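Hi there,

Here is the structure I promised to pass on.

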Amino acid sequence: LQARVLRQRWQAGESARPPWLAAAQRATAARLALANARGQTAQARAGLAAAIGVPARCLRGLRFAWPEFQAPPAPATLQPARLRRRAELNRLDLRQALAGYAVAEAQLQSQIALQYPNLQLGPGWSYEEAHSIFRLALTLVLPVFNRNQGPIAQAAAQRNQLAAAFIALQAQDRAAAGKAWAGYRAAWAAWQSARRGARVAQSVRRAAQRIYRQGEAGRLSFSAARLQADAADQARWQALTQAQAALGALEDAVQQPLAPAWRLHAKVRKP
């Protein structure tokens, strides 16, 4: 609209040509952005179909709504100490490393027990000429090679190695959780700033619309205010998307949902 108005003014000799060309370039860029957004929408639908295991054609005619998308939790409700604690308790790699350490500790205790003579007494049974004979089986395990010090040292070294790996992995996961927390806090703050900017731009648009209807301003001013409002709203949506992505990265770091349970609604689009 702005490009058309400027072109009409240029044709009427009321303005120079460069402003019209700049507006035409902005309109071309807007159409290109719209085409890219439609392509991303198609790719997102294809990815959703692949994720749920259905053909992409099964999603045709459906409209999806995520009511909780515009309400990510405030960082104040997510305490950093609690997030680190959740990461320590919920991450599968830490659990696996801890289980490996427990196995190494059990193997070390078994090797330590073998440094002393181990006497085992168990029942036995045999059958001879229609008689059942019960015997006691005696087993004696004697330590060899300097009271089993070599296997003990080997088991202790393996346990210490797993303990060091667990401590390093725990520190790495804590750092990842802290980094994800800082990223989400920054993204949430950027989204709040974008929301305020969008509200101000909408107020300016409404004021420009009232002035235009009253005949106190031209159509070009109103068009410029509307474009600014649309750009601010687009920035708000982009900031919200980045905040949700940062929240997903934080949830991946602690391996636990942090936002309230959300629902994805699918409705059949009416023809």
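P151 is partly exposed, with a relative accessible area of 33%. In these notes, buried means under 20% relative accessible area, exposed means over 50%, and partly exposed is anything in between, with a 1.4 Å probe and protein chains only. P151 sits in helix α5, and its C-alpha atom is 8.6 Å from that of I112, a residue 39 positions away along the chain.

Before going further, please keep in mind that this is a predicted model, in which local features need pLDDT of at least 70 and side-chain atom pairs count only at pLDDT 80 or more, while totals for chains, interfaces and linings use all residues. Residues are numbered from 1 along each chain as its sequence is written, and side-chain values use heavy atoms, with hydrogens and water left out.

**The overall layout**

The chain has 6 helices and 4 strands, in the order α-α-β-α-α-β-β-α-α-β along the sequence. Both kinds of element are DSSP runs numbered from the N terminus: helices are H or I with at least four residues, strands are E with at least two. Of the 271 residues in the chain, 23% are buried. The accessible surface is about 18,700 Å², and carbon and sulfur atoms account for 57% of that; these areas come from the Shrake-Rupley method with a 1.4 Å probe, and for residues only the protein chains shown count as cover. Among contacts (heavy atoms within 4.5 Å) with a separation of 6 or more, 70% join residues 24 or more positions apart.

**The nonpolar core**

A nonpolar core here is a set of buried Ala, Val, Leu, Ile, Met, Phe, Trp, Tyr and Cys residues joined through side-chain atoms within 4.5 Å. The largest one has 20 residues, and those touching the most other members are L78, L83, Y184, L250, V254 and L258. Helices α3 (80–90), α5 (145–213) and α6 (219–254) each supply at least two residues of this core, and α6 gives the most, with 8 residues.

Leaving aside neighbours within four places in sequence, V254 is in contact with L83, R86, A87, N90 and A177. Two of these partners, L83 and A87, are also on the list of buried residues of α3, together with E88.

The C-alpha atoms of L247 and G183 are 8.5 Å apart, although 64 residues separate them along the chain.

**The aromatic residues**

How many aromatic pairs does the structure hold? There are 2. Rings of Phe, Tyr and Trp (its six-membered ring) pair if their centres lie within 6.5 Å; planes under 30 degrees apart count as stacked, over 60 as edge-to-face and the rest as tilted.

F69 and W237 form a stacked pair, at 6.4 Å centre to centre with 15° between the planes. F69 is in the loop between β1 (62–65) and α3, while W237 is in helix α6, so the pair ties together parts that are 168 residues apart in sequence. F69 is buried, with a relative accessible area of 17%, whereas W237 is partly exposed at 34%.

The rings of W188 and W191 have centres 6.2 Å apart and planes at 70°, so this pair is edge-to-face. W188 and W191 are 3 residues apart in helix α5, about one helical turn. W191 is buried, with a relative accessible area of 4%, and R195 lies over the face of W191, at 4.8 Å from the ring centre. A charge sits over a ring if NZ of Lys or CZ of Arg is within 6 Å of the ring centre and within 35 degrees of the ring normal.

P73 lies in the loop between β1 and α3 and is buried at 12% relative accessibility.

**One backbone angle to check**

Most residues other than glycine have a negative phi. Q255 is not a glycine, yet has a positive phi of about 55°. Q255 is in the loop between α6 and β4 (265–268) and is partly exposed, with a relative accessible area of 34%.

Best wishes
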